[in-house]
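Keep the viewer open and follow along.

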Amino acid sequence: MWYEQGKELRAQGEPQEAMALFLKAVHSSMTDETLLGRVYSNMANICRQANEHALAGYVYALSAEHFAASGDDLAYAYALNNMAWEQAAQAHKDSALLLVAKAVRIY
């Protein structure tokens with residue numbers, strides 16, 4: 001249901017509203033934290049390619065939360081790095097550098 005509504009909203013040029021529904025669809029059908037993290041990462045990559053950097057950063061943050069919950073440190077650091085890219089794309093240099101520093105501290 002949410003997935004189909006999301007597809008309709010995306011076709012109507014409403015990417016943020018569509019992504020919100022896609023996120024609900026993912027949450028309703030998956031419970032594995034690592035898998036959720038990967039799904040969110042892929043969704044954020046799509047947002048990035050559509051130049052929706054604020055939305056991509058938000059979805060990468062969801063990805064990071066799930067990777068952290070799963071204990072997958074490498075994936076968590078990668079998600080932080082992706083969040084930093086999105087901050088840099090929005091000219092938020094200080095925030096980007098803080099995220100990179102946090103990712104580096106993991107290893």
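This is a predicted model: local features need pLDDT of at least 70, side-chain atom pairs count only at pLDDT 80 or more; totals for chains, interfaces and linings use all residues.

**Around helix α5**

Which residues of α5 are buried? They are A75, Y76, A77, A79, L80, N82, M83, A84 and E86. In general, an α-helix has 3.6 residues a turn, so residues three or four places apart point the same way.

As for the helix itself, α5 covers residues 73–89, 17 residues in total. From its first C-alpha to its last it reaches 24 Å, close to the 24 Å expected at 1.5 Å a residue. Just after α5, have a look at A91, which takes a positive phi of about 65°.

The axes of α4 and α5 lie 8 Å apart and the two helices pack at an angle of about 165°. With an angle over 145° counting as roughly antiparallel, α4 and α5 are therefore roughly antiparallel to each other. The crossing of α4 past α5 is left-handed. On the α4 side, H53, A56, G57, Y60, A61, S63, A64, F67 and A68 take part, and they meet A75, Y76, A79, N82, M83, E86 and A89 of α5. Sorted by class, that contact has 11 nonpolar, four polar and one charged residues.

On to α6. Its axis and that of α5 come within 8 Å and cross at roughly 165°, so α5 and α6 are roughly antiparallel to each other. Here too the crossing is left-handed. From α5, the residues D73, Y76, A77, L80, N81, M83, A84, Q87 and A88 meet S95, A96, L99, V100, K102, A103 and I106 in α6. This contact divides into 11 nonpolar, three polar and two charged residues.

Finally, step back to α3. It packs against α4 at an angle of about 165°, with the axes 8 Å apart, which makes α3 roughly antiparallel to α4. Their crossing is left-handed. Among the α3 residues involved are L36, Y40, M43 and C47, while the α4 side includes L55, V59, L62 and F67. By class, the contact of α3 with α4 comes to 12 nonpolar, eight polar and three charged residues.

Notes. Residues are numbered from 1 along each chain as its sequence is written. Side-chain values use heavy atoms; hydrogens and water are left out. Helices (H or I, at least four residues) and strands (E, at least two) are DSSP runs, numbered from the N terminus. The expected span of a helix is 1.5 Å times one less than its number of residues. Buried means under 20% relative accessible area, exposed over 50%, partly exposed in between (1.4 Å probe, protein chains only). Axes are lines fitted to C-alpha atoms, for helices over the stretch in contact, and angles run from 0 to 180 degrees between N-to-C directions. Angles under 35 degrees count as roughly parallel, over 145 as roughly antiparallel, 65 to 115 as roughly perpendicular and the rest as oblique. A crossing is left-handed if the near helix is turned anticlockwise from the far one by less than a right angle, and right-handed if clockwise. Contact means heavy atoms within 4.5 Å. Ala, Val, Leu, Ile, Met, Phe, Trp, Tyr, Cys and Pro count as nonpolar, Asp, Glu, Lys and Arg as charged, and the others, Gly among them, as polar.
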